[in-house]
Amino acid sequence: MVALTESDLLDAGDDRLVEVFGASPAGDIPKGPLQGTGIVRWGGSWLARPLAWLVRTAVWRGKVFVAEGYLSNRMTPFDVLAVVAQVYKGPSLMDEQECIVIDYSRMSLVARGVRDEMRQVGQGLYLGVVWLFGLRVGWFALRVPEVDRTLPRAGKTAAG
């Protein structure tokens, strides 16, 4: 797997994102909160970066995966958990290969026609595709938040 960053995905453009998604494994279904970045299909990085910032600031901040096969989306600057979906592995609408499916059809009235699919494209980094009533309409990246490893471990005191 080529080491990709969120920045690489924002700069990639639609054709490259299709290629990266197709070449990537499903990976493990993540657990806990992931930070999200919306990626537009058109316009290149000059449009993708400001739109990603606007979406993250005002609307969508990521997803929270729960071990029982469900997730909630992190909405608004206040991280309101909303728009619940089922999560499971299944074939992608893109290429019939295994991916992580985020299925809103049974759980959400608001997003009933939405299906997200994602694959792992790097350490703690996932590329997702958004389908609306079977049409590919957008992309997103999800990443595991970075952990500050300079903090002392639990049970340790400053003296050692």
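Biologist: Where is V101 found?

Modeller: Bearing in mind that this is a predicted model, V101 is found in strand 5.

Biologist: Why is V101 called buried?

Modeller: A residue is called buried when its relative accessible area is under 20%, and because V101 has a relative accessibility of 0%, it counts as buried.

Biologist: Which residues is V101 in contact with, once its neighbours within four places in sequence are left aside?

Modeller: Contact asks for heavy atoms within 4.5 Å, and V101 meets this with Q86, V87, Y88, G90, P91, R115 and D116. One of these, G90, is 11 residues from V101 along the chain, and their C-alpha atoms are separated by 6.2 Å.

Biologist: What makes strand 3 and strand 4 a pair?

Modeller: Pairing requires at least two bridges between the strands, and 5 bridges join strand 3 (residues 70–75) to strand 4 (residues 80–91), the two running antiparallel. Within this pairing, L71 stands opposite A85 in strand 4. The strands form a closed barrel of 8, in the order 1-2-3-4-5-6-7-8, with antiparallel pairing, and the twist from one strand to the next averages 35°.

Biologist: How do you know that the buried residues of helix 2 line one face?

Modeller: Those buried residues are D14, L17, V20 and F21. Seen down the axis of helix 2, they fall within an arc of 120°, and therefore they line one face of the helix. The face turned away from that buried side carries the exposed residues D15 and A23.

Terms used. Residues are numbered from 1 along each chain as its sequence is written. This is a predicted model: local features need pLDDT of at least 70, side-chain atom pairs count only at pLDDT 80 or more; totals for chains, interfaces and linings use all residues. Side-chain values use heavy atoms; hydrogens and water are left out. Buried means under 20% relative accessible area, exposed over 50%, partly exposed in between (1.4 Å probe, protein chains only). Helices (H or I, at least four residues) and strands (E, at least two) are DSSP runs, numbered from the N terminus. The arc is that of the directions from the helix axis to the C-beta atoms. Axes are lines fitted to C-alpha atoms, for helices over the stretch in contact, and angles run from 0 to 180 degrees between N-to-C directions.
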